[in-house]
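Take a walk through this protein model, from its overall layout down to single side chains. Keep the structure open as you read.

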Amino acid sequence: MASFVVIAATHQGREAARVARSPHVVSAEEKGKAFALWQDGFDTIGGEQYSVIYVDPLTDSAPPPPGLREWPKPGHAVLSPGAKSQGAGEGIATRFGPVDGIIGPEGLASAGEPLVYIRPDAPITGGYLVSAWGDDEGPVFGEPLFAEPPANFYVLAAATVLAPALVLTVTAARTGSAAARRRRAARFSSGAGCRHRLLRDIAEVIPAIGAGGGLATVVLWCYQSSDWPAPKVGYMMTARFLAPYKCALFGCVALAVLLVMLATVLLTGAGLPHSWRDAGWRHAQRP
């Protein structure tokens, strides 16, 4: 369940970053409103494409793109941490000229996104006129350009995480069901009521389920507190995208504990009062 929250948070965070950094383009007739020229391009690291953005201010008061504290000098570049680390062995630090700084997280679609901003030392020809940063319908670049729809990841999570978890939950709940039925029959014969038997059933499974819930809480806490690469695919999971979803993330642990506890009580074959009565009657008829 937490994986679904992570997918939703990552998608929303990446989409918000995409909109915030996308330039609002104006026509040549509105050139007086523009403060910068913007043009996108591509380069490769390890055979994979990434975006290279050429941007040039037209006025001294022009705000730099999101993630840049100030404009680089003419002929200089600004790299993202992902581009700097991934292209370290391919000379990316000198590929586009001197590097003036690092793109901040607010200008990136993920913590590991490779991205480069370049301020050319010659005027841009054929670029877009920009009057503002932040346009839902503006040009798309960087990781969002190659992103798959979130539905694909929901299906993947359901098949590889949720389905096995449900199967293991049922298997664990059914383990030892015969012994549980005998204990319930004994409590029925001793005159214990349904409420007492239910409380006793819950008390039997609390240690194991509590340990699982505690372990899950520790794992999720470590996960949401720092950026880390997803196994095999190399995608950098971005912790700041999860900040608005912390309650939902840790709420998944509480919900899972309740669901597993309910499944354990009901799937032993004697979790309902009807089953308790039958088990107690059979126990009472034994010589």
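This is a predicted model: local features need pLDDT of at least 70, side-chain atom pairs count only at pLDDT 80 or more; totals for chains, interfaces and linings use all residues.

Residues are numbered from 1 along each chain as its sequence is written, and side-chain values use heavy atoms, with hydrogens and water left out.

Start with the whole chain. Its secondary structure comes to eight helices and nine strands. Here helices (H or I, at least four residues) and strands (E, at least two) are DSSP runs, numbered from the N terminus. Of the 287 residues, 37% count as buried. Buried means under 20% relative accessible area, exposed means over 50%, and partly exposed lies in between (1.4 Å probe, protein chains only). Contact means heavy atoms within 4.5 Å. Among contacts with a separation of 6 or more, 75% join residues 24 or more positions apart.

Now the helices. Helix 1 covers residues 2-21, 20 residues in total. From first C-alpha to last it reaches 29 Å, close to the 28 Å expected at 1.5 Å a residue. The expected span is 1.5 Å times one less than the number of residues. Which residues of helix 1 are buried? They are A2, V5, V6, I7, A9, T10, G13, R14, A17, R18 and R21. An α-helix has 3.6 residues a turn, so residues three or four places apart point the same way. Helix 4 (residues 150-174) has 25 residues and reaches 35 Å, close to the expected 36 Å. At A158, helix 4 bends by about 40°. That bend is the angle between axes fitted to the seven residues ending there and the seven starting there.

Next, the nonpolar cores. A nonpolar core is a set of buried Ala, Val, Leu, Ile, Met, Phe, Trp, Tyr and Cys residues joined through side-chain atoms within 4.5 Å. The largest one has 16 residues. W38, V55, I103, L115, Y117 and W133 touch the most other members. Strand 2 (36-45), strand 3 (48-57), strand 6 (115-119) and strand 7 (128-133) each give two or more residues to this core. Apart from it lies another core, of 13 residues, among them V5, V6, L249 and C252. In soluble globular proteins, nonpolar side chains tend to be buried together. Look also at the contacts of W133 beyond four places in sequence. They include A20, R21 and S22, the prolines P63, P64, P65 and P66, and W71.

Then the rings. Rings of Phe, Tyr and Trp (its six-membered ring) pair if their centres lie within 6.5 Å; planes under 30 degrees apart count as stacked, over 60 as edge-to-face and the rest as tilted. By this rule there are six aromatic pairs. W221 and F250 form a tilted pair, 6.1 Å centre to centre with 40° between the planes. W221 lies in helix 6 (residues 194-224) and F250 in helix 7 (residues 246-266), so the pair ties together parts 29 residues apart in sequence. W221 is exposed at 51% relative accessibility, and F250 is partly exposed at 22%. Y223 and W228 form an edge-to-face pair, 5.0 Å centre to centre with 75° between the planes. Y223 is buried at 15%, while W228 is partly exposed at 30%. Elsewhere, W38, Y128 and F141 form one aromatic cluster.

Finish with single residues. S51 sits in strand 3. Is S51 buried or exposed? At 1% relative accessibility, S51 counts as buried. Its side chain reaches the backbone nitrogen of G142 at 2.7 Å. That is a polar contact: a pair of N or O atoms within 3.5 Å, where within protein one must be able to donate a hydrogen and the other to accept it, and residues adjacent in sequence count only if both atoms are side-chain atoms. D56 is also placed in strand 3, and D56 is buried at 14%. Beyond four places in sequence, the contacts of D56 include W71 and R119.

S225 lies in the loop between helix 6 and strand 8 (228-229). S225 is partly exposed, at 47%. The side chain of S225 reaches the backbone oxygen of W221 at 3.1 Å.
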